[in-house]
Amino acid sequence: MQTYVSDSPCFFAARDYVEATVAGSSQSEANIKAARSFAKQLRSLADQGKPTIDEACAASAQAFAASSETPSSPNAAAMQAFISKALETGSGFDPVCYRSAERFFESFEAGKPELESTFAAAREFLEGYRSTPNPASQS
């Protein structure tokens, strides 16, 4: 996997998931590492002005979210909604959503319970849209 080159967020997520699993991470830890890699790659593509929608990757991510219970079904449903909206709008990156996701990852990796991490992400999301409003139809 180290020699393969791809800009796909799914590639980054898959690589980091496999590496985390091989290193002994739990499924939850590996899933968070993969999700974080996915989000960082989306941000990188957006920063470079490259397309952030990869249809094959989106289909794979939706299939993963549909079958995932980790960290929970509500978070998997939120991931599916995000992917659907990204496909609808043609943009896979939203800075406010990115910061919200990062807040969840940081909290969860610090050992906070999922519910507390979700509330931290929700607060970040609401604060982000309060300070930099963006029409919901565009994100």
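This is a predicted model: local features need pLDDT of at least 70, side-chain atom pairs count only at pLDDT 80 or more; totals for chains, interfaces and linings use all residues.
Student: Which cysteine forms a disulfide with cysteine 10?

Tutor: The count comes to 1 disulfide. Its sulfur atoms are 2.1 Å apart, and the link is right-handed, with 90 degrees about the S-S bond. The partner of cysteine 10 is cysteine 57.

Student: How many residues apart in sequence are the parts that this pair ties together?

Tutor: Cysteine 10 lies in helix α1, residues 9–22, whereas cysteine 57 lies in helix α3, residues 55–67. The pair therefore ties together parts whose separation in sequence is 47 residues.

Student: Is cysteine 57 buried or exposed?

Tutor: The limit for a buried residue is under 20% relative accessible area. Cysteine 57 has 5% relative accessibility, so the residue counts as buried.

Student: Which residue's side chain makes a polar contact with the side chain of aspartate 16?

Tutor: Aspartate 16 lies in helix α1 and, at 19% relative accessibility, counts as buried. Not counting residues up to four places away in sequence, aspartate 16 touches Lys33 and Ser37. The polar contact between side chains, at 3.2 Å, is with arginine 15.

Student: Is the pair of tyrosine 4 and phenylalanine 11 stacked, edge-to-face or tilted?

Tutor: The count comes to 6 aromatic pairs. For tyrosine 4 and phenylalanine 11, the ring centres are 5.2 Å apart and the planes are at 55 degrees. Planes under 30 degrees apart count as stacked and those over 60 as edge-to-face. The angle of 55 degrees therefore makes this pair tilted.

Student: What is the angle between the planes of phenylalanine 11 and phenylalanine 12?

Tutor: Phenylalanine 11 counts as buried at 13% relative accessibility, whereas phenylalanine 12 is partly exposed at 21%. Their aromatic pair is edge-to-face, with 5.9 Å centre to centre and an angle between the planes of 85 degrees.

Student: Which residues form one aromatic cluster?

Tutor: Tyrosine 4 counts as exposed at 53% relative accessibility and forms a tilted pair with phenylalanine 11. Phenylalanine 11 also pairs with phenylalanine 12. The cluster is formed by Tyr4, Phe11 and Phe12.

Methods. Residues are numbered from 1 along each chain as its sequence is written. Side-chain values use heavy atoms; hydrogens and water are left out. A disulfide is a pair of cysteine sulfur atoms within 2.5 Å. Helices (H or I, at least four residues) and strands (E, at least two) are DSSP runs, numbered from the N terminus. Buried means under 20% relative accessible area, exposed over 50%, partly exposed in between (1.4 Å probe, protein chains only). A polar contact is a pair of N or O atoms within 3.5 Å; within protein, one must be able to donate a hydrogen and the other to accept it, and residues adjacent in sequence count only if both atoms are side-chain atoms. Contact means heavy atoms within 4.5 Å. Rings of Phe, Tyr and Trp (its six-membered ring) pair if their centres lie within 6.5 Å; planes under 30 degrees apart count as stacked, over 60 as edge-to-face and the rest as tilted.
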